[in-house]
Amino acid sequence: MARLYVLLFLAQIVLAVCALISCLSAEEGQIRALPRVAWVLIILFFPLVGSIAWFVAGREPGSRPSRTAWPVGNGFAERPRRPLAPDDDPEFLRSVRDQSRQQDAELFRRWEEDLRRREDDLRRSEGEPPREEDRPEV
């Protein structure tokens with residue numbers, strides 16, 4: 001008789017552990033009647049009754065896990081996923097790079113113009129004519 005009680009006690013513990021795992025891993029939309037915290041407390045304080053109540057009334061009928069946890073296929077999504085952040089998006093990175101190159105070219109062009117203007121001003125102040133032949137065009 002003692003062996004039967006030990007066996008029933010172990011079955012109750014296994015049922016309670018399974019109910020706790022099921023309750024804690026269920027999505028919010030799959031839990032009925034009470035909040036998750038209440039279900040966990042019921043399962044912990046009344047293992048046999050709480051576990052049975054969870055499986056009967058606590059979860060949605062269609063929330064039973066499927067046979068396979070993994071989707072059928074090669075493991076990759078069928079459609080390309082959208083980048084989560086802008087720095088993950090190749091198109092965004094390309095536009096930033098192009099914009100940076102344009103800004104750098106514009107800045108370089110303005111520096112060259114400023115340098116030419118300063119050289120011409122310096123030559124005029126010294127009385128020399130500005131030289132056009134040794135200036136490269138940008």
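Cysteine 23 is buried, at 0% relative accessibility, where buried means under 20% relative accessible area, exposed over 50% and partly exposed in between (1.4 Å probe, protein chains only). Cysteine 18, by contrast, is partly exposed, with a relative accessible area of 40%. A search of the whole structure turns up zero disulfides, a disulfide being a pair of cysteine sulfur atoms within 2.5 Å. This is a predicted model, so local features need pLDDT of at least 70 and side-chain atom pairs count only at pLDDT 80 or more, while totals for chains, interfaces and linings use all residues. Residues are numbered from 1 along each chain as its sequence is written, and side-chain values use heavy atoms, with hydrogens and water left out.

Next come the aromatic rings. The whole structure holds one aromatic pair, formed by tryptophan 39 and tryptophan 54; it is edge-to-face, at 5.5 Å centre to centre with 70° between the planes. (Rings of Phe, Tyr and Trp, its six-membered ring, pair if their centres lie within 6.5 Å; planes under 30 degrees apart count as stacked, over 60 as edge-to-face and the rest as tilted.) Tryptophan 39 sits in helix H2 (residues 36-45) and tryptophan 54 in helix H3 (residues 47-58), 15 residues apart. Helices here are DSSP runs (H or I, at least four residues), numbered from the N terminus. Both tryptophans are buried, with relative accessible areas of 4% for tryptophan 39 and 0% for tryptophan 54.

As for H2, its buried residues include Arg36, Trp39, Val40 and Ile43.

Terms used:
Helices (H or I, at least four residues) and strands (E, at least two) are DSSP runs, numbered from the N terminus.
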